Amino acid sequence: MSTIDFEELLDDCVAFTQRLIQTPSMPFAEAEIAAVVAAECRKLGFDEVWLDEIGNVNGRVRGTDPSLGAIVLNTHLDHVDPGEPTLWRVPPYSGQIVDGRLIGRGACDIKGPLAVQVYSMAALRRAGARPRRDVVFTGVVQEEIGGAGAEHWVKNLDYAVDLVVLGEPSDNQIALGHRGVIQMWLTFHGRSVHASVPDKAQNPNYALAGFLQRLQTAQGTWPSHPVLGPTTVAPTIIEVDTKSSNVTPAWTRVLLDFRTAVESINSLQTFVHQLAGDWPHDISDAWCAPPTPYPDSDAPIFGFYTPPDDEKAVRAQAILQAAVAHEVPFTRYQFATDGRHFVPYNLTMIGYAASEENQAHVVDESISIAKMAESLRGHVALLQAF
Ligand SMILES: [Zn+2]
């Protein structure tokens, strides 16, 4: 095996990221970028490249030991809307480099990390080497709108997987998981009257106002998960039944978005009922991700979780630290990822990617090229040694 030219590798990886940014790929419109990724994998000498029925793109580089389960490098193909383009310092689909950072919609989430995954696999092929295990790149569709691509991939998985590396932004640290999502509508009921005689009404907006103030005070009173962090709640959408400006509402409702790794759907419903008090109310359409079947409504909800003493997490950490010659700490994601869809299939997951979480979904989204360089070294070491 010849040595890997990491400078050339980085240049090519950055150029590939620019091409990915210049190929817009909103959910349901990922076909063009899937073709770009597939062509790149073929050009780089992957052993197999294929698209599946839903449009996910996959590429495999065979390992030297076929008895071992594969490493899967997972990212997604889609991104969120760039919004008003004139708010950006460079056009959002231009992929320009400013002060050592590559800027554009998807640079951080997730085209930079996608390119690092593909080019770490290519690095070994270029050097005439092979990874220990089979390595499979999977770029899935529709992550930003629920994860149908990831669900399709995991449901149809027909090879053994020992480790999934999620390319969601972790700042080159190892993310061990994230909280789950529980959402529910809380509706306050009242009596609707002409707005000129408000004393005849039971206006549920007052009940909602009191509830929201108590909710804000209650933030931070829940127990915290030791790794995945505290439970939080955000009231998001508020609606009333009436469209008329001179009628008091018969009902008003608020959507509550909880993020938790310790509470269950039942424990949070009980909490909401208590906080809502005596005013007539109900809770409806309670929903959680990952989904929990009815009999398990007392089970704590979390997104995915790999404990810090997990043997594979510890081994991956040691390999990465040796490769980059400094500490690579364990961390957690604030947001949800496609990893939650893999939990029922008992796949061990870590998050590892160069981009920073605070760059996801923002105007002037960007990724540090120096961090991409470090991440390439980390990924290559992982593929060689894990
Ligand atoms: Zn993402």
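How many residues lie between β1 and β2 in their hairpin, and which residue in the turn has a positive phi?

What you see is a predicted model, in which local features need pLDDT of at least 70 and side-chain atom pairs count only at pLDDT 80 or more, while totals for chains, interfaces and linings use all residues. Residues are numbered from 1 along each chain as its sequence is written.

Let us start with the whole chain. Its C-alpha atoms fill a box of roughly 85 × 45 × 40 Å along the principal axes. Eight helices and 16 strands are found in the chain; these are DSSP runs numbered from the N terminus, with helices being H or I of at least four residues and strands being E of at least two. Of the 386 residues, 43% are buried. A residue is called buried if 20 or more other C-beta atoms, placed from the backbone, lie within 10 Å of its own, exposed if 12 or fewer do, and partly exposed in between.

Now for the hairpin. Strand β1 (residues 48-51) and strand β2 (residues 57-61) run antiparallel and are joined by four bridges; two strands pair if DSSP finds at least two bridges between them. Five residues lie between β1 and β2, and Gly-55 in the turn has a positive phi of about 110 degrees. Within the pair, Gly-59 in β2 is the residue opposite Val-49.

Leu-44 counts as partly exposed because 19 other C-beta atoms lie within 10 Å. Leaving out residues up to four places away in sequence, Leu-44 touches Ala-122 and Arg-125; contact here means that the C-beta atoms of two residues, placed from the backbone, lie within 7 Å. The C-alpha atoms of Leu-44 and Ala-123 are 8.9 Å apart, although 79 residues separate the two along the chain.

Next comes an open sheet of three strands, with antiparallel pairing and the order β4-β5-β16. Its edge strands, β4 (97-98) and β16 (366-368), each pair on one side only. Two bridges link β4 to β5 (residues 101-103), and Val-98 has Arg-101 in β5 as its bridge partner. Helix α3 (residues 107-126) packs on this sheet and touches β5 and β16, its direction making about 45 degrees with that of β16. Such axes are lines fitted to C-alpha atoms, for helices over the stretch in contact, and the angles run from 0 to 180 degrees between N-to-C directions.

What about the interior? The largest nonpolar core has 87 residues, and Cys-13, Ile-71, Tyr-119, Met-121 and Val-164 have the most contacts inside it. A nonpolar core is a set of buried Ala, Val, Leu, Ile, Met, Phe, Trp, Tyr and Cys residues joined through C-beta atoms within 7 Å. Helix α3 gives the most to this core, with 12 residues. Setting aside neighbours within four places in sequence, Cys-13 is in contact with Ala-115, Val-116, Tyr-119, Met-372 and Leu-376.

Finally, the domain assignment gives domain 1 (6-176 + 306-385) and domain 2 (179-296), with bounds that come from an automatic or database assignment. Their C-alpha centres lie 37 Å apart. The contact takes six residues from domain 1 and seven residues from domain 2.
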